[in-house]
Amino acid sequence: MSSSDEPHILGHAQFWDERYAKADEDKPTHEWLRGFDTLEPFLDKYLSQGSGLEGKGRRILHLGSGDSTVPYDLLERGYTNQICLDFSTVVVALMKSRHPSKPQVEWQVGDLRDMTAIASKSIDVAFDKSTMDAMIYGSPWTPPDEVLANTGKYISEVHRVLKDDGVFLCVTFRQPHFMKPIINRNNEWDLRMDEIGSGNSFQYFGFVLKKRSGTAK
């Protein structure tokens with residue numbers, strides 16, 4: 001595989017199965033966009049929004065979670081109702097084997113474009129840390145049809161599984177003027193954005209999306 005092929009294949013399970021098969025014992029191999037310490041202020045700000053639930057019992061869905069430590073960092077802070085969905089069978093088996101004593105973080109193999117195992121309106125918070133980035137390649141001005149199809153199916157599924165007052169948190173390194181037309185193409189979300197990592201050499205963005213009134217299904 002040449003380096004020019006890599007952006008295209010990041011959206012395929014086989015690529016990630018091969019990468020995760022090389023994991024070094026308990027060490028994460030892919031903590032995209034830095035780790036929990038940098039994300040914690042953003043997560044603290046928005047995890048409590050929506051659903052009306054008290055405490056930290058909200059159902060959190062990690063979208064394409066890979067081998068990130070974020071679910072377990074949240075568990076240490078009292079979030080005891082989490083599910084991680086990834087299409088790599090290798091990484092799901094790996095993470096189950098690493099944390100057999102922590103069933104509060106549930107792992108499932110699944111395709112984010114067709115989350116058949118996740119019931120409609122069952123999720124309080126959906127969290128994406130650069131998963132959508134991996135689906136996007138080609139010109140940012142005119143994304144390929146495959147990119148538009150895959151991201152469109154994904155966003156529709158997130159909209160379906162979220163409760164009407166749920167929140168979708170999407171962290172990305174892509175510039176907002178390229179990301180907004182992809183993430184909110186049908187204007188079905190009320191959207192705001194925070195800058196994350198300001199002052200660092202690498203800046204990225206946290207989109208906060210809630211179902212627009214009248215778009216709940």
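Which residues does Met132 touch, not counting residues up to four places away in sequence? Contact here means heavy atoms within 4.5 Å, and Met132 meets Thr151, Tyr154, Ile155, Phe168, Cys170, Met179, Ile182 and Ile183. Before going on, note that this is a predicted model, where local features need pLDDT of at least 70, side-chain atom pairs count only at pLDDT 80 or more, and totals for chains, interfaces and linings use all residues. Residues are numbered from 1 along each chain as its sequence is written, and side-chain values use heavy atoms, leaving out hydrogens and water.

Let's turn to the sheet. Seven strands (DSSP E runs of at least two residues) form an open, mixed sheet in the order β3-β2-β1-β4-β5-β7-β6, two strands being paired if DSSP finds at least two bridges between them. At the edges stand β3 (105–109) and β6 (189–196), each with a single partner strand, so one side of each has no neighbour in the sheet. Strand β2 (residues 82–86) runs parallel to β3 over five bridges, and Cys84 has Trp107 of β3 as its bridge partner.

Now for the core. A nonpolar core is a set of buried (under 20% relative accessible area, 1.4 Å probe, protein chains only) Ala, Val, Leu, Ile, Met, Phe, Trp, Tyr and Cys residues joined through side-chain atoms within 4.5 Å. The largest such core has 28 residues, of which Leu63, Met115, Met132, Val158 and Phe168 touch the most other members. Helix α7 supplies its largest share, five residues. A second, separate core of 18 residues includes Leu43, Ile60, Val125 and Ile196.

Note on methods
Helix = DSSP H or I, 4+ residues; strand = E, 2+ residues; numbered from the N terminus. Buried < 20%, exposed > 50% of the residue type's maximum accessible area, 1.4 Å probe, protein only.
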